[in-house]
Amino acid sequence: MQTTVNVSGMTCQHCVRSVTEELTALDGVESVDVDLVAGGASPVVVTSSRELGHEEIAEAVEEAGYSVV
């Protein structure tokens with residue numbers, strides 16, 4: 001399953017790594033693909049073996065210090 005969210009606040013590859021690390025820690029997540037848009041909303045595609053809830057993804061992104069928009 002693929003879920004796409006837009007994440008605001010990311011500006012560099014360190015930001016991408018932080019978000020990727022938090023999302024990868026979720027149960028069932030197989031991969032995370034981030035298209036960095038520095039200073040804007042970056043599309044993040046999460047591929048998982050189960051359906052992920054929006055709040056579950058948002059909490060992981062917030063744990064990394066960013067926001068789902």
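Helices (H or I, at least four residues) and strands (E, at least two) are DSSP runs, numbered from the N terminus.

Now, what you have up there is a predicted model, where local features need pLDDT of at least 70, side-chain atom pairs count only at pLDDT 80 or more, and totals for chains, interfaces and linings use all residues. Residues are numbered from 1 along each chain as its sequence is written, and side-chain values use heavy atoms, with hydrogens and water left out.

Which residues are buried in H1? Those are Cys15, Val16, Val19 and Leu23. They cover an arc of only 100 degrees around the axis, so they sit on the same side of H1; the arc is taken from the directions from the helix axis to the C-beta atoms. If you're wondering about the pattern, an α-helix has 3.6 residues a turn, so residues three or four places apart point the same way.

How about the length? The expected span is 1.5 Å times one less than the number of residues. For the 12 residues of H1 that gives 16 Å, and the end C-alpha atoms are 16 Å apart, which agrees.

So what covers that buried side? Strand S2 (29-34), strand S3 (41-48) and helix H2 (54-63) are included in the cover. H1 lies across S2 and S3, running at about 160 degrees to S2; axes here are lines fitted to C-alpha atoms, for helices over the stretch in contact, and angles run from 0 to 180 degrees between N-to-C directions.

Let me zoom in on two neighbours. Leucine 23 is buried, with a relative accessible area of 0%. Leaving aside residues up to four places away in sequence, leucine 23 touches Val29, Val32, Val44, Val46, Ile57, Ala60 and Val61, where a contact means heavy atoms within 4.5 Å. Threonine 24, also in H1, counts as partly exposed because its relative accessibility is 41%.

Over to H2. Ile57, Ala58, Ala60 and Val61 are buried there, and since their arc is only 160 degrees around the axis, they're on the same side of H2. They pack against S1, H1 and S4. The face turned away carries exposed Glu55, Glu59, Glu62 and Glu63. After H2 comes glycine 65, with a positive phi near 105 degrees.

Last stop, the sheet. In what order do the four strands run? It's an open sheet, S2-S3-S1-S4, with antiparallel pairing; two strands pair if DSSP finds at least two bridges between them. S2 and strand S4 (67-68) are the edges, each pairing on one side only. S1 and S3 share seven bridges, and serine 8 stands opposite alanine 41 in S3.

Methods. Buried means under 20% relative accessible area, exposed over 50%, partly exposed in between (1.4 Å probe, protein chains only).
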